[in-house]
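These are my notebook entries on one protein. I set down what I looked up, entry by entry.

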Amino acid sequence: MKKEIEESLRTQVLREPYAGKMGITLRKVDEGYALVEMAITMEMTNIFGMVHGGAIFSLMDEAFEIASNSHGTMAVALNMNVTYIAAPAIGDVLQAEATEVSRTRRTASYAITVKDGSNRLMATCNALVYRKEASLPFLTR
């Protein structure tokens, strides 16, 4: 992976207001790959006191965003199909890992998993992006 792409993506995640609000951090990035992490807090619960699916989705979406833009070409989500498997507990640290499955000039697909600190599977996702012809607008040169 080109160093300028990696550095730019890391900087953008640090600057991204939503990722900051959710406490999402970027752990690893490579071409077609990203690993992000988030600690589950009480503020992320739903009406049943369980972790809100939207919080888990946000973590998957961040991994997807970084992995799909890791080639330096602007990519935007077309579809995300999520399956929730288990409910994490307050205080758990979740990791979402996005791995590129296929990529063409116009689209790319990704497999995303979310696991807790005990490596228990919490959710899975199949996702698709549209790859624009433009380079990432925030690349440092």
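**Entry 1: Surface and overall form**

I looked up the accessible surface of the protein, which comes to about 7,600 Å², with 52% of it belonging to carbon and sulfur atoms. Accessible areas come from the Shrake-Rupley method with a 1.4 Å probe, and for residues only the protein chains shown count as cover. I note that this is a predicted model, in which local features need pLDDT of at least 70 and side-chain atom pairs count only at pLDDT 80 or more, while totals for chains, interfaces and linings use all residues. Residues are numbered from 1 along each chain as its sequence is written, and side-chain values use heavy atoms, with hydrogens and water left out.

I found three helices and six strands in the protein; helices (H or I, at least four residues) and strands (E, at least two) are DSSP runs, numbered from the N terminus. Their order along the sequence is α-α-β-β-α-β-β-β-β. The radius of gyration is 15 Å, close to the 14 Å that the globule rule gives for 141 residues, so the protein is as compact as a globular protein of that length. This radius is taken over C-alpha atoms, and the rule is 2.2 Å times the number of residues to the power 0.38. Along its principal axes the C-alpha trace spans about 45 × 25 × 25 Å.

I also noted that 40% of the 141 residues count as buried (under 20% relative accessible area; exposed is over 50%, partly exposed in between; 1.4 Å probe, protein chains only).

**Entry 2: The core and helix 3**

Which residues touch the most other members of the largest nonpolar core? I recorded M38, L59, M60, I112 and V114, in a core of 38 residues. Helix 3 (residues 53-69) supplies the largest share of this core, eight residues. Such a core is a set of buried Ala, Val, Leu, Ile, Met, Phe, Trp, Tyr and Cys residues joined through side-chain atoms within 4.5 Å. In soluble globular proteins, nonpolar side chains tend to be buried together.

Twelve of the 17 residues of helix 3 are buried, so this helix is largely enclosed by the rest of the structure. Among them are L59, M60 and F64. I checked the length of helix 3 as well: at 1.5 Å a residue it should span 24 Å, and its end C-alpha atoms are 24 Å apart, which agrees. The expected span is 1.5 Å times one less than the number of residues.

V36 lies in strand 2 (residues 33-39) and counts as buried at 1% relative accessibility. Beyond four places in sequence, its contacts include L59, E62 and A63.

S8 lies in helix 1 (residues 3-15) and is buried, with a relative accessible area of 1%. A polar atom of its side chain lies 2.9 Å from the backbone oxygen of E4.

Is R105 buried or exposed? I found R105 exposed, with a relative accessible area of 61%, in the loop between strand 4 (93-103) and strand 5 (107-115). Not counting residues up to four places away in sequence, R105 touches R131 and E133. A polar contact of 3.4 Å joins the side chains of R105 and E133. Such a contact is a pair of N or O atoms within 3.5 Å; within protein, one must be able to donate a hydrogen and the other to accept it, and residues adjacent in sequence count only if both atoms are side-chain atoms.

Methods
Contact = heavy atoms within 4.5 Å.
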